[in-house]
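The exercises below are meant to be worked with the sequence and the model side by side. Try each task before reading its solution.

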Amino acid sequence: MSSSDGNCYKSIPCRRALTPGKAKILALGKAFPKQIVLQDRLVEGFIRDTKCDDPSIKEKLAYLCKKTTVQRRYTVMSKEILDKYPELATEGSPTIKQRLEIANQAVLDMAAEASLSCIKEWGGKVEDITHLIYVSSSELRLPGGDLHLAARLGLRSDVGRVMLYFLGCYGGVTGLRLAKDIAENNPGSRVLLTTSETTILGFRPPNNDRPYDLVGAALFGDGAASVVVAADPVRGSGSSGESYPFMELSFAVQKFLPETHDVIDGKLSEEGINFKLGRDLPAKIEANIEEFCRRLVEESGKEAAAVGGGGGKMKYNDMFWAVHPGGPAILNKLESTLGLSSEKLECSRRALMDYGNVSSNTIFYVIENMREELKSKEQAGEEWGLALAFGPGITFEGILMRSLY
């Protein structure tokens, strides 16, 4: 596994005053498996590992690999795993037991590493974590990964645990919404939110009857992410105590689109998990996203007035945008529909290039990019912005955020 050390952020003071009682992100960590897949080498490796001899499939995969804009990804899958479990690359093999044996351990390892990286940046003590939210669409067991992670980290036995299974790409923002509610309604709480995902459950040999399998092979990656959320951080502690917060969570909302439950479809079977993605997904998002964003932006005027920053509805291009990059088509539709300037989705596009779509984790890689961008500005950058994610349902998750840099 490999992780990032965020200690360079620990003692960066806030440029803006904190809003009492609002949930804040204090620290962020991430972790990845050791295998790096370079996109320009994926086709040959995937075709070899799955023993595919269909030239048309190879041609389609090569086209998709270029179209996704992904440049590299991390993956749990390895030669060692395929040597031990050759049935994973055999069409029709009942392999759910083997897949879960690999995935359950892999997501726990990544979750623990991301959590420890985040806790190190935060600067608090493990025993001060009061709540744990664990998000994954890549494991399945009883007790759940939340208990296994709590035990691995050495969290206290009365930590309040929540397990969010199989939410897909919007799970990270759902976790943030829940962390916000817990932090704001439990004074003194410290909420650890961790997401962890692997594509092992969906790995299989290509088949022309399952065209979406190739999309998954070209787009999705593995990894984990973690944040610490609190409503009342110890101010001014910096290098000697808790890290300074860098983002406030001001207002959150979830919405599902009626009659769209079959646009993103996933079913668990003896062969793993099978996904189907409707071609009309970008169009469905395009048709409904402006109304959803308008509700969040309307709240920004009220929130700005509450912190002494004036009022009135903000313009989209006056805000920062942390959007889950489900794929380039979704980002392009969002950009054109809302009239966003090209740089507004740069943090999302960069996360997609560097990691692929890592399901629930990816929003945190985007937020990390946004943190770096806002921190690097000589003067305070955009104060208000949106975190957005889309997934099965079709479900929209959105959070109005306030940068403290």
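Helices (H or I, at least four residues) and strands (E, at least two) are DSSP runs, numbered from the N terminus. This is a predicted model, in which local features need pLDDT of at least 70 and side-chain atom pairs count only at pLDDT 80 or more, while totals for chains, interfaces and linings use all residues. Residues are numbered from 1 along each chain as its sequence is written, and side-chain values use heavy atoms, with hydrogens and water left out.

**Exercise 1.** Find the loop that holds Phe 166, and state its phi.

Solution. Start at strand S6 (160–165) and go on towards helix H6 (171–185); Phe 166 is found in the loop between them. Next, read the backbone angle: phi of Phe 166 is near 55°, a positive value in a residue other than glycine. For comparison, most residues other than glycine have a negative phi. Finally, Phe 166 has a relative accessible area of 34% and is therefore partly exposed, where buried means under 20%, exposed over 50% and partly exposed in between (1.4 Å probe, protein chains only).

**Exercise 2.** Locate Glu 259 and decide whether this residue is buried or exposed.

Solution. Glu 259 lies in the loop between strand S9 (247–256) and strand S10 (264–269). Its phi, near 65°, is also positive. The relative accessible area of Glu 259 is 69%, so this residue is exposed.

**Exercise 3.** Which residues are joined by the cis peptide bond with omega of about -5°, and which by the one with omega of about -15°?

Solution. The bond with omega of about -5° joins Leu 142 and Pro 143, and Pro 143 is found in the loop between strand S5 (131–136) and helix H5 (145–153). The bond with omega of about -15° joins Gly 393 and Ile 394, and Ile 394 lies in the loop between strand S13 (384–391) and strand S14 (395–403).

**Exercise 4.** Describe the surroundings of Arg 402.

Solution. First place the residue: Arg 402 is found in strand S14, and with a relative accessible area of 4% it is buried. Then look for polar contacts (a pair of N or O atoms within 3.5 Å; within protein, one must be able to donate a hydrogen and the other to accept it, and residues adjacent in sequence count only if both atoms are side-chain atoms). One of 2.7 Å joins the side chains of Arg 402 and Glu 383, and the backbone oxygen of Ala 17 lies 2.9 Å from a polar atom of the side chain of Arg 402.

Notes
Contact = heavy atoms within 4.5 Å. Lists of a residue's contacts leave out its neighbours within four places in sequence.
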